[in-house]
Amino acid sequence: MAVRLKPLLPLSVVPHNSNPSNPFFAFSKKSHFQASAAKMAANEVQSKASSNAKIIDSHLHVWASAEEAADKYPYFPGQEPTLPGHLQFLLQCMEEAHVDGALIVQPINHKFDHSLVTSVLKKHPSKFVGCCLANPAEDGSGVKQLEHLVLKDGYRAVRFNPYLWPSGQQMTNEIGKAMFSKAGELGVPVAFMCMKGLNLHISEIEKLCTEFPSTVVLLDHLAFCKPPTSDEENQAFSNLLKLSRFPQVYVKFSALFRVSRLPPPYQDLAPLLSQVVSSFGANRVMWGSDFPFVVPECGYKGAKESVSLIANEIPLSSSELEWIMGRTVMELFQGQWLPS
């Protein structure tokens with residue numbers, strides 16, 4: 001799927017927050033974004049009203065409020081949140097942004113205690129899907145925990161955080177392979193969080209995909225690939241694109257503030273999205289906000305609108321944008337969100 005990209009300024013001449021001749025870089029993150037996105041937002045709402053396409057967020061978190069943590073859902077020691085991420089705040093943000101549903105990823109704030117997220121899934125079964133957190137404990141208990149969370153609590157995906165593996169071990173160890181294989185048997189995708197860089201984990205991901213081709217893979221946050229400015233970053237992005245050869249691999253175009261070098265709407269990511277769509281196809285790419293971390297960056301609504309602005313720079317077709325903004329996730333978790 002070839003995608004043509006509108007010319008953008010070279011990164012070398014676009015400093016992060018200074019360009020006196022261009023007011024885009026003179027505003028604060030929120031004030032600029034709100035001004036530039038207003039017209040697009042109105043057009044997007046009109047477009048959605050005509051097509052009835054659902055908007056599904058492929059990546060967000062929810063955790064207990066301070067009161068809930070004290071009463072019933074304690075935080076994991078040392079992982080107390082520094083910003084609000086409770087359910088009512090999330091629902092408010094989703095309503096304001098006209099987002100219809102989401103995949104909730106188990107937050108590190110509760111680590112392997114899934115009781116808070118499970119309670120949210122039970123309260124809103126038609127709105128949310130759960131992604132649990134894999135426990136790579138050396139005793140192998142994580143395999144049974146995964147099975148329980150999927151079969152008993154209804155989770156539909158699992159996240160592999162490589163930094164939770166025992167020191168010196170990789171996700172391809174015996175426990176990792178057992179959980180990855182079990183995920184395939186259960187029909188739940190495995191999401192990889194490569195926060196310290198894709199290059200550190202590419203061989204593990206390739207080995208698991210090769211050995212277990214029936215297990216679907218999600219790469220969180222563009223696999224943490226930034227717009228390349230070095231040989232190492234070029235190699236990381238090249239590795240990401242090469243993963244398209246595995247038909248079970250999908251890419252989350254999520255947490256844009258984590259991978260962009262610019263303020264919102266993160267237009268330096270347009271070339272990356274163009275190449276990812278060309279390599280994987282729009283039907284293997286999905287938008288995600290990374291709520292609540294995105295809220296102080298550009299707001300929840302701004303996270304959604306950034307994708308439409310970036311897509312317009314490429315440009316993507318309305319059909320391709322529809323896949324990225326919700327249809328990919330809906331196809332992946334069939335039966336969860338019914339078409340309008």
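# Aromatic pairs, burial and the sheet

Q: How many aromatic pairs does a search of the whole structure find?
A: Nine. Rings of Phe, Tyr and Trp (its six-membered ring) pair if their centres lie within 6.5 Å; planes under 30 degrees apart count as stacked, over 60 as edge-to-face and the rest as tilted. The model is predicted: local features need pLDDT of at least 70 and side-chain atom pairs pLDDT 80 or more, while totals for chains, interfaces and linings use all residues. Side-chain values rest on heavy atoms, without hydrogens and water, and residues are numbered from 1 along each chain as its sequence is written.

Q: What makes the F89 and F291 rings a pair, and of which kind?
A: Their centres are 5.5 Å apart, and the cut-off is 6.5 Å. Their planes stand at 50°, so the pair is tilted.

Q: Which parts does this pair tie together?
A: F89 lies in helix α3 (residues 87–97) and F291 in the loop between β8 and α11, so the parts tied together are 202 residues apart in sequence. Helices (H or I, at least four residues) and strands (E, at least two) are DSSP runs, numbered from the N terminus.

Q: Why is the pair of F291 and Y300 given its class?
A: The ring centres are 5.9 Å apart and the planes meet at 85°, so the pair is edge-to-face.

Q: Are F89, F291 and Y300 buried or exposed?
A: Buried means under 20% relative accessible area, exposed over 50%, partly exposed in between (1.4 Å probe, protein chains only). F89 has 19%, so F89 counts as buried. F291 has 0% and is buried. Y300, with 3%, is buried as well.

Q: What else is F291 in contact with?
A: Contact means heavy atoms within 4.5 Å. Leaving aside neighbours within four places in sequence, the partners of F291 include H59, L60, H61, G85, L90 and C93. P84 is 207 residues from F291 in sequence, yet their C-alpha atoms are 9.9 Å apart.

Q: Which residues do ring pairs link into a cluster?
A: F160, W165, F180, F192 and F212. F192 has a bridge partner too, L219 in β6.

Q: How do you know that β5 and β6 pair?
A: Two strands pair if DSSP finds at least two bridges between them. Strand β5 (residues 190–192) and strand β6 (residues 217–219) have three, in the parallel sense.

Q: What is the strand order in the sheet, and which strands are its edges?
A: Eight strands form an open sheet, β1-β2-β3-β4-β5-β6-β7-β8, with parallel pairing. The edges are β1 (56–60) and β8, because each pairs on one side only. Neighbouring strands are turned by 25° against each other on average, direction ignored. For that angle, axes are lines fitted to C-alpha atoms, for helices over the stretch in contact, and angles run from 0 to 180 degrees between N-to-C directions.

Q: How many disulfides does the structure hold, and how far from C225 is the nearest cysteine sulfur?
A: Zero disulfides. A disulfide is a pair of cysteine sulfur atoms within 2.5 Å. For C225, the nearest cysteine sulfur belongs to C194 and is 8.4 Å away, so C225 is in no disulfide.

Q: Why are C225 and C209 given their burial class?
A: C225 has a relative accessible area of 3%, so C225 is buried. C209, at 2%, counts as buried too.

Q: What share of the chain is made up of buried residues?
A: Of the 340 residues, 55% are buried. The chain has 13 helices and eight strands.
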